[in-house]
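Please keep the sequence and the structure in view while reading.

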Amino acid sequence: AQAGKGSSASPMSVEIIPQARAADALHREPPHVQPDSPLDAVSGSWAHPYEATGIVRILGGLSAEFPPPGSSEEEFQHFVDSSLALPWAIVVIGVISAFVHPLILHCCHPKWRGRYGGPPWRSFVIVCVVTFACWLITVLLGFRAHRVSFSVASVLLQQAADDIMMVTKLADALNVSCAAVADDLSRLHEACPKSVQDLLDDSVDNIVRQVGGYVAEMHGFEGTLADIPQRISELDAQVAEAGLAVAWFLAIPAVLVMLCCGAIGTTILIVEKANARCAKRCERCELPCLGAFCVAPAMLLVSVVAAAELAVGVLSGGFCLEVDQLALGYARDNFGGNSDPYKLAQYYLAGDGPNPALKHLFKAQGEMYEATQWMRHYGDITATSCPKWGREAETILSFETIQSSMKELGALLAPGRIYPYYEQVFHGMVCGSLPPRLALAAAVQVVLGLACLPVLLCMASCVIEGLIEERSMLHGLHKFELLAQEALSDVEDAARGAMHRLFH
């Protein structure tokens, strides 16, 4: 440019790329390149210690202390055994109720009548409403536990795995781009005249070396995150299986109670509306038999399911009392105390220690910043001096694209993006909504299976007795006999047939 303005010196005699300035651009520390997130943390502001709610503390107090990492099988067995005291009590109560209730219904038949001596319809309706309310609460708790708690946790884990996979894909793409940039810069030795190559000296080789250093740092960055997506996917699969199991456990009592209520209602409908012949055929399905072979097994199964749900709530409560410490402890036990995955867990979950992934990324950013500054200062002059090269604009654009992509990588790995996944899954679901919902579901199911269902059967028996007495009074009998009604029905059929023949 100076030569074109009238300088007597020839273009090749102009100092196209001052070596001192080039070396200064290559080796000075970039003052304004700062990491978006701290590389080493001490009590990071993003990490919030878990605070157990009152219900979680109560559930956790029903068990022994959760075994720390490296504990023996005996210690784990002791923890499980201590958590099953109350669930076993529910099972025992369910077994006793399932055996005793049919005997009471058969031997000591309850006598309960309405206000004027008829069937106790009002009491029966009240019991039906309470039973339906408990059944509806069970269904809603099952729906929310599966659709809200476990589904949300699964979605969050999938998003976390997708973010890590996006990070690795971006790193792979950046490595490919940097290899292409290094190849373009290497062509300067062939595209530039000999005099320009002497002026360039080793500047281009230093840039290519820095790009190679960036690629090496990105390989280390990828190695740091290599196992994370697979571990998150495994955890997501376990959460999905647990959610399906809890959904089935919560659905079993609702289905059993619905079937029992349907059988009881059908029996009442037969006694009230069916003719004598149909009633005679359904005699074996009377309420004592229905209680022994339908309601009693349902009571037993409901108590077992409620005990299992309460046991899971107690176990999770014991774990949640020290969830953050236990999560870090098991990460250290699984990955090793000096491993990069454990350092990442300590950095993100506790806000303490170094972040090896961000360190590799920041070092790579520094390498690429120096190379980009060199291209911005000397790219135009190099392109003018080496017209055969023709890659100046593409190389600068590639450098700027790489820098922006690296900022995107930093944003994906920021603590403000990673920590909410852990907080919502463990603090919000595993130790937040799940234990109280399981405890509430177990309590409602105990009331539904061991209180509402037996009382409903007793009230249904009283209603049927009242209907029988009403029908006996209408026929002038002291007892409603199905056999007599069948004989009367046969006589009516014979008379109707005789009248039909006489008409013809």
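The model is predicted: local features need pLDDT of at least 70 and side-chain atom pairs count only at pLDDT 80 or more, whereas totals for chains, interfaces and linings use all residues. Residues are numbered from 1 along each chain as its sequence is written, and side-chain values use heavy atoms, with hydrogens and water left out.

M218 touches A171, L174, N175, L361, A364 and L409, leaving aside residues up to four places away in sequence; contact here means heavy atoms within 4.5 Å.

The protein chain as a whole has 17 helices and two strands. These are DSSP runs numbered from the N terminus, helices being H or I of at least four residues and strands E of at least two. Of the 504 residues in the protein chain, 43% are buried. Buried means under 20% relative accessible area, exposed over 50%, and partly exposed in between, with a 1.4 Å probe and protein chains only. Among contacts between residues at least 6 apart in sequence, 85% join residues at least 24 apart.

S186 is placed in helix α5 and is partly exposed, with a relative accessible area of 32%. C320 lies in helix α11 (residues 287-320) and counts as buried because its relative accessibility is 0%. C320 touches Y50, V56, V430 and C431, residues up to four places away in sequence not being counted. C320 and R57 are 263 residues apart in sequence, yet 8.7 Å apart in space, C-alpha to C-alpha.

The axes of helix α12 (residues 323-335) and helix α13 (residues 340-350) come within 9 Å and cross at roughly 170°. Axes are lines fitted to C-alpha atoms, for helices over the stretch in contact, and angles run from 0 to 180 degrees between N-to-C directions. Helix α12 is therefore roughly antiparallel to α13, a term for angles over 145 degrees. In this contact, A327, L328, A331, R332 and F335 of α12 meet P341, Y342, A345, Q346, L349 and A350 of α13.

Terms used. Angles under 35 degrees count as roughly parallel, over 145 as roughly antiparallel, 65 to 115 as roughly perpendicular and the rest as oblique.
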